[in-house]
Amino acid sequence: MIRQSSTLTTFVVTLSCPNRPGIVAAISQRLYELGANITEAQQFDDTDSTQFFMRIVFELPKEGLSETQLKTEFSRLAEDFAMDWHISDTSKRQKVLLFVSRFDHCLVDLLYRWRIGELQIDPVGIISNHARETYADLDFHGVPFHHLPITKDTKVEQEARIWTIFQESGAELAVLARYMQVLSNEMATRLSGRCINIHHSFLPGFKGARPYHQAFSRGVKLIGATAHYVTSDLDEGPIIEQDVERISHADDPEDLIRKGRDIERRVLARAVRYHIERRAILNGNKTIVFTP
């Protein structure tokens, strides 16, 4: 988590561009000229794609450049290096739209981390294909709830409503917290780079229904979960985070499900954190993740 100062504004810039000598020197010099103090810097040169990736956290006096002025100044440098870049004020929380189906453990975990201040987000809505009564024992802390049941006949109409809610709420990120509905290709394209899904398996792995039972029948020794960006290819999007847990012959399917829920919670929370802290950068069908 990035700490805030009463006298300084903290910004984070992420960028990618064709690799060439002098990129780091030029960025450092430009930020110095703007009066910035760099507090964190990470970089990666992908030799396969010949692309350069970087994440920099820096501070400016609050009475200094505004975010708009900073972006204008930085854009001149970005043009010289053909950068794909983004600058944001870290004090501004990202607005997040949460999706859930019957299994609510990931949703509960995200709301808890938000409530205690661990996850710096602003939940602007919860969308579910199940009625509010399904979560009668949960306190959503004032977050608007939208019941949008989806069938084959209503999918187009309901996705149109989902897109309207996303836009009108000002959401910047959609999180599928065990939302057991497949987004259409159109919706996946609209949310490209802005939608994270938690998959209840260590991809690539056992696909389809009852994955833990499939794993059990095969006598696996590890189970896991995968958080990835959503694309039109089901469960094939760029992976952000994964984790595993060792199991044994003594574990039955219910043990696997119980342990799997714990893995899903922590993997999704980490993936959301990496995204909102601008640590994950898309690189084709992969991601560059600058972990803390």
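How many bridges join strand 5 to strand 6? Seven do, linking residues 94–100 to residues 121–128, and the two strands run parallel. This is a predicted model, in which local features need pLDDT of at least 70 and side-chain atom pairs count only at pLDDT 80 or more, while totals for chains, interfaces and linings use all residues. Residues are numbered from 1 along each chain as its sequence is written, and side-chain values use heavy atoms, with hydrogens and water left out. Helices (H or I, at least four residues) and strands (E, at least two) are DSSP runs, numbered from the N terminus.

- Seven strands form an open sheet with mixed pairing, in the order 7-6-5-8-9-10-11; two strands pair if DSSP finds at least two bridges between them.
- Strand 7 (145–147) and strand 11 (239–246) are the edges: each has a single partner strand, so one side of each lacks a neighbour in the sheet.
- On average, neighbouring strands here are turned by 20 degrees against each other, direction ignored.
- Phenylalanine 99 has isoleucine 127 of strand 6 as its bridge partner.

**Helices across the sheet**
- Helix 3 (residues 105–115) lies across strands 5, 6, 8 (173–176) and 9 (195–199), at about 160 degrees to strand 6; axes are lines fitted to C-alpha atoms, for helices over the stretch in contact (heavy atoms within 4.5 Å), and angles run from 0 to 180 degrees between N-to-C directions.
- Helix 4 (residues 155–168) lies across strands 5, 6, 7 and 8, running at about 155 degrees to strand 5.

**Helix 7 and its ends**
- Just after helix 7, arginine 278 takes a positive phi of about 55 degrees, and its place is the loop between helix 7 (253–276) and strand 12 (280–283).

**Another positive phi**
- Alanine 82 also has a positive phi of about 55 degrees, although it is not a glycine.
- Alanine 82 sits in the loop between helix 2 (67–81) and strand 4 (84–89).
- With a relative accessible area of 53%, alanine 82 is exposed (over 50%; buried is under 20%, partly exposed in between, with a 1.4 Å probe and protein chains only).

**Cysteines**
- The whole structure holds zero disulfides (pairs of cysteine sulfur atoms within 2.5 Å).
- For cysteine 106, the closest cysteine sulfur is in cysteine 195, 14 Å away and too far for a bond.
- Cysteine 106 is buried at 1% relative accessibility, and cysteine 195 is buried with a relative accessible area of 1%.
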